[in-house]
Amino acid sequence: MSGTLFEHIEKAWSADAGGYDQAIQKQLSNKKDVKHWQDELQLVLGEKPLHVLDVGCGPGFFTIMLARLKHNVTSVDGAEGMVKRARINTKKEAANTKIYKSDAVLLDKEKEGSLDAIVSRDVVWTLYDPEKAFIRWKNLLKTGGKIVIYDGDYRRDRSSLRYHLLKLISGLINFFTEGKPRKKQQHSSVGNGFEKLPMIRHRRPQYDQELLLKAGFSKVEVTKDCFRNSPLRLEFWKYGYQGKKFRIIAYK
């Protein structure tokens with residue numbers, strides 16, 4: 001496999017950008033989802049407008065939620081396809097945001113001590129060097145700043161009965177709700193580099209907490225993501241096989 005791991009990962013995400021864009025369009029039209037995430041982000045960030053960096057913004061769902069809450073939002077993604085989708089979606093919202101392509105580990109265009117908060121959803125598991133990323137993220141924060149991570153213990157326990165049962169149910173639900181089998185995504189293909197990612201080799205969120213404390217964060221709070229883990233939601237039966245979700249808040 002030629003090229004860096006980062007290049008292979010981001011090429012796969014660009015190829016999958018259209019499918020992820022369709023998913024967030026459904027989220028944006030789902031009033032319960034929108035209300036949950038606006039309430040959730042207001043809870044963890046507060047009501048005061050902040051300078052927030054949305055890392056791994058994808059097609060822009062969190063970017064839009066943060067802009068609606070009146071935050072000053074900068075959004076980055078390593079995949080050009082995702083950046084293009086995010087720009088289109090935020091333009092539809094008339095959201096005043098800055099969006100550009102960047103490596104989430106390096107973030108070399110951001111200034112140290114300039115951010116009130118950094119948020120990410122389902123991004124940390126894809127980092128080729130999470131330890132280096134956490135150190136960089138901490139340095140970008142102002143004193144008293146925080147990072148908020150929504151993620152999951154993804155791509156683990158794939159030999160378990162629970163995994164295979166939930167994946168079977170997921171496929172059936174997708175077929176009956178979408179009218180067709182789920183299209184195989186590029187990032188799920190064998191040999192594209194994802195199997196080399198550090199986070200899928202460790203139990204999470206325990207490993208996240210260990211790395212964050214090692215990076216120098218003063219306090220790390222870990223909670224279950226009850227909303228995304230709820231079997232009362234259709235999305236749980238569609239995607240629950242991927243792994244249990246959690247939230248982490250780390251304070252500088």
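Me: What share of the 252 residues in the protein chain is buried?

Reply: Buried means under 20% relative accessible area, exposed over 50%, and partly exposed in between, with a 1.4 Å probe and protein chains only. Here buried residues make up 52% of the 252. This is a predicted model, in which local features need pLDDT of at least 70 and side-chain atom pairs count only at pLDDT 80 or more, while totals for chains, interfaces and linings use all residues. Residues are numbered from 1 along each chain as its sequence is written, and side-chain values use heavy atoms, leaving out hydrogens and water.

Me: Which residues have the most contacts inside the largest nonpolar core?

Reply: A nonpolar core is a set of buried Ala, Val, Leu, Ile, Met, Phe, Trp, Tyr and Cys residues joined through side-chain atoms within 4.5 Å. The largest one has 40 residues, and I118, F134, W137 and I147 have the most contacts inside it. A second, separate core has 22 residues, including F62 and M65.

Me: What does F134 touch, leaving aside neighbours within four places in sequence?

Reply: Contact means heavy atoms within 4.5 Å. On that basis F134 is in contact with V124, I149, M199, D208, L211, L212, A215 and F217.

Me: How many helices and strands are there?

Reply: Both are DSSP runs numbered from the N terminus: helices are H or I with at least four residues, strands E with at least two. The protein chain has 10 helices and 7 strands.
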